[in-house]
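Q: I would like to go through this model and ask, for each label attached to it, what the label rests on. Could we begin with the rule itself, and then set the value against it?

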Amino acid sequence: MQIAKVVGTVVSTTKSEKLTGLKMLLVKPIDIETFEEKGSVLVAFDAVGAGEGEIVMIVSGSSSRQTQLTDNKPSDTAIIAIIDYIDLRNKRIFSKENYSEKVDE
């Protein structure tokens, strides 16, 4: 599992039948120590109703096919949770209610 930020959306009208109805979002992993974005942007199937700018938990590989929405689907990354807060070493490093960073438009 990894923490990531939703940075965009993907729309595809032509796709495999198994993907019909699945919402695709772009996510960028976050370094939990620095809370800075790191690595490449990934396409993830949204299993929880996440939106742009939210901090989420993602899984990849076979774990991404373990949700009700992605079961037996050709998925490599899925969003499985929207994060409310994160405490690290007895310090709150993230709180959804205090997080107001917007995605660049």
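A: A charge is said to sit over a ring if NZ of Lys or CZ of Arg is within 6 Å of the ring centre and within 35 degrees of the ring normal. The model discussed here is predicted, so local features need pLDDT of at least 70 and side-chain atom pairs count only at pLDDT 80 or more, whereas totals for chains, interfaces and linings use all residues. Residues are numbered from 1 along each chain as its sequence is written, and side-chain values use heavy atoms, with hydrogens and water left out.

Q: What makes the charged end of Arg92 count as sitting over the ring of Tyr85?
A: The charged end of Arg92 is 3.7 Å from the centre of the Tyr85 ring, and it sits over that ring.

Q: Why is the pair of Phe35 and Phe94 called stacked?
A: Rings of Phe, Tyr and Trp (its six-membered ring) pair if their centres lie within 6.5 Å, and planes under 30 degrees apart count as stacked, over 60 as edge-to-face and the rest as tilted. A search of the whole structure finds 1 aromatic pair. The ring centres of Phe35 and Phe94 are 5.5 Å apart and their planes stand at 20 degrees, so this pair is stacked.

Q: Which parts does the pair of Phe35 and Phe94 tie together?
A: Phe35 lies in the loop between β2 (24–29) and β3 (42–46), while Phe94 lies in strand β7 (residues 91–95), so the pair ties together parts that are 59 residues apart in sequence. Helices (H or I, at least four residues) and strands (E, at least two) are DSSP runs, numbered from the N terminus. The protein chain comes to 0 helices and 7 strands.

Q: How do you know whether Phe94 and Ser95 are buried or exposed?
A: Buried means under 20% relative accessible area, exposed means over 50%, and partly exposed lies in between (1.4 Å probe, protein chains only). Phe94 has 4% relative accessibility and therefore counts as buried, and Ser95, at 14%, counts as buried too. Ser95 lies in strand β7. Of the 105 residues of the protein chain, 31% count as buried.

Q: Are Arg89 and Asn90 buried or exposed?
A: Arg89 is exposed because its relative accessible area is 64%, and Asn90 is exposed because its value is 85%. Arg89 lies in the loop between β6 (85–88) and β7, and Asn90 has its place in the loop between β6 and β7. Arg89 has a positive phi of about 55 degrees although it is not a glycine, and phi of Asn90, likewise a residue other than glycine, is positive at near 60 degrees.

Q: What makes β4 a partner of β1 and of β5?
A: Two strands pair if DSSP finds at least two bridges between them. Strand β1 (residues 2–10) is joined to strand β4 (residues 55–60) by 4 bridges, and the two run antiparallel. Strand β5 (residues 77–82) is joined to β4 by 5 bridges, again antiparallel. Gln2 stands opposite Ile58 in β4, and Met57 stands opposite Ala81 in β5.

Q: What makes up the largest nonpolar core?
A: A nonpolar core is a set of buried Ala, Val, Leu, Ile, Met, Phe, Trp, Tyr and Cys residues joined through side-chain atoms within 4.5 Å. The largest has 9 residues in all, including Val6, Leu25, Val27 and Ile79. The elements that give two or more residues to this core are β1, β2 and β4. Apart from it lies another core, of 6 residues, among them Ile3, Ile83, Ile86 and Phe94.

Q: How do you know that Val27 is buried, and which residues does it contact?
A: Val27, found in strand β2, has a relative accessible area of 0%, so it is buried. Contact means heavy atoms within 4.5 Å. Leaving aside neighbours within four places in sequence, Val27 is in contact with residues including Ala4, Val6, Ala44, Val56, Ile58 and Ile79.

Q: What radius of gyration does the protein chain have, and why does it agree with a compact globule?
A: The radius is taken over C-alpha atoms, and the globule rule is 2.2 Å times the number of residues to the power 0.38. With 105 residues, a compact globule would have a radius of gyration near 13 Å, and the protein chain has 14 Å, which agrees.
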